[in-house]
Amino acid sequence: MTIPSPASPTGFWAATAMIAAIVLCSTTGEVLTAAAMKSVGDLDEIRARSGLKGAIRAVLTCPLFFAGVGFLALAFFSLLFALNHLNLSLVAPASASLTLVTNAIAGKIFLKENVDSRRWTAAVLVCIGVYLLAH
Amino acid sequence: MAHARLLPRQYMILGLVAVCAPLGDTCLSRGMTRLPAISLLHPATLIAAVFTPWIAVGIALLIGFFASYLTALSWADLTFVLPATAFGNVIVAVLSRFWLHEQISLERWAGIVLITVGVGFVAHGPSLTERPETAVTAQPAAEIAEEQPR
């Protein structure tokens with residue numbers, strides 16, 4: 001089997017598509033999970049009121065949660081597929097750092113979070129930091 | 001009620017998010033490398049691997065991570081919680097330097113500093129976006145379900 005190299009034109013686009021799939025699935029999963037947990041409410045308070053079983057029931061009766069976990073599972077399998085074709089030193093830092101930025105954008109657009117200059121700066125710093133640490 | 005500023009127990013949950021994931025991954029890695037090569041033709045060996053001590057501890061830590069992560073997302077923004085998960089990379093790097101005595105390059109130290117500063121930036125801000133009054137007072141789905149007649 002030919003291993004596509006990011007240096008060749010076809011390899012570059014194949015690698016880009018694989019990393020984009022991981023980032024897209026991961027971001028969708030994180031946003032859906034976050035939306036699910038916001039709709040459920042503060043888990044600490046639910047646990048204090050209804051016990052651990054009540055908290056687990058509140059999470060497991062939320063359809064958005066399963067949609068989020070489904071996308072996170074897709075992201076995991078996309079990662080496994082990418083690792084089968086590309087080097088870990090390319091896939092891990094690229095997907096981890098890009099996901100931080102796409103999550104900040106998705107959080108602002110879909111979750112209406114207040115992503116102010118402080119959070120943008122943090123996202124960019126952590127993104128570069130993860131890249132340097134994992135590269 | 002969600003708090004814009006975090007309580008000590010909420011910092012503890014974020015700490016668990018940061019610590020459990022990298023420790024869980026490390027345990028899984030350690031457990032899997034100690035096993036002989038596993039073939040997909042014999043999936044039963046993969047199931048047996050789950051019950052070896054390192055992998056069992058790794059799975060328990062990853063379950064702890066997911067539970068803490070979900071709890072954190074129930075009272076904090078996604079863009080607040082995610083840098084905390086990235087801080088786990090720093091913990092692993094520092095542990096590998098001072099516990100396993102591995103060498104860390106200048107590039108990696110720069111990464112550690114950037115992540116630490118980034119997490120510090122977010123941690124000093126509010127954890128949750130303020131919503132208009134109607135959205136804040138809206139009942140969570142769990143409460144509505146509990147109030148329904150049985």
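User: Which residues does A72(B) touch, leaving out those up to four places away in sequence?
Analyst: In this predicted model, A72(B) touches I13(B), L14(B), V17(B) and V81(B).

User: And which residues have the most contacts inside the largest nonpolar core?
Analyst: They are V126(A), V130(A), V17(B), A72(B), L73(B), V81(B) and I115(B). That core has 73 residues, and its largest share, 12 residues, comes from helix α1 (residues 9–40) of chain A.

User: Why would residues like that gather in one place?
Analyst: In soluble globular proteins, nonpolar side chains tend to be buried together.

User: OK, back to I13(B), L14(B) and V17(B). Which helix has them among its buried residues?
Analyst: That's α1(B). Its buried residues also include A18(B), C20(B), A21(B), P22(B), L23(B), G24(B) and C27(B).

User: What covers those buried residues of α1(B)?
Analyst: The cover includes α3 and α4 of chain B.

User: How far does α1(B) reach from its first C-alpha to its last?
Analyst: It reaches 39 Å, with 27 residues (8–34), and that is close to the 39 Å expected at 1.5 Å a residue.

User: Zooming out, how many helices and strands are in chain B?
Analyst: Chain B has 7 helices and 0 strands. Buried residues make up 33% of its 150 residues.

User: What about contacts along chain B: what share joins residues at least 24 apart?
Analyst: Counting contacts between residues at least 6 apart in sequence, 80% join residues at least 24 apart.

User: Now the two chains. How many residues are in contact between them?
Analyst: There are 33 residues of chain B in contact with 36 of chain A. On the chain B side, the elements giving two or more residues are α3 (53–75), α4 (78–98), α5 (106–123) and α7 (141–147).

User: Which one gives the most?
Analyst: α5(B) does, with 12 residues. As for what the chain B side is made of, it divides into 21 nonpolar, 8 polar and 4 charged residues.

User: Switching to chain A: at what angle do α3 and α4 pack?
Analyst: Helix α3 (residues 63–85) and helix α4 (residues 88–109) of chain A pack at about 150°, and their axes are 9 Å apart. On α3(A), the contact is made by L79(A), A82(A) and L83(A); on α4(A), by L88(A), V91(A) and S95(A). Those residues divide into 5 nonpolar, 1 polar and no charged.

User: Is K112(A) buried or exposed?
Analyst: K112(A) has 12 other C-beta atoms within 10 Å, so it counts as exposed; the cut-off for that is 12 or fewer.

User: Last topic, confidence. What's the mean pLDDT of chain B?
Analyst: It's 79, and 83% of the residues of chain B reach 70 or more. For the model, the scores are ipTM 0.80 and pTM 0.77.

How values were computed
Residues are numbered from 1 along each chain as its sequence is written. Chains are lettered from A and ligands numbered from 1 in the order in which they are written. Two residues are in contact if their C-beta atoms, placed from the backbone, lie within 7 Å. Helices (H or I, at least four residues) and strands (E, at least two) are DSSP runs, numbered from the N terminus. Ala, Val, Leu, Ile, Met, Phe, Trp, Tyr, Cys and Pro count as nonpolar, Asp, Glu, Lys and Arg as charged, and the others, Gly among them, as polar. Axes are lines fitted to C-alpha atoms, for helices over the stretch in contact, and angles run from 0 to 180 degrees between N-to-C directions. The expected span of a helix is 1.5 Å times one less than its number of residues. A residue is buried if 20 or more other C-beta atoms lie within 10 Å of its own, exposed if 12 or fewer, and partly exposed in between; C-beta atoms are placed from the backbone. pLDDT is the predictor's confidence in each residue, from 0 to 100. A nonpolar core is a set of buried Ala, Val, Leu, Ile, Met, Phe, Trp, Tyr and Cys residues joined through C-beta atoms within 7 Å.
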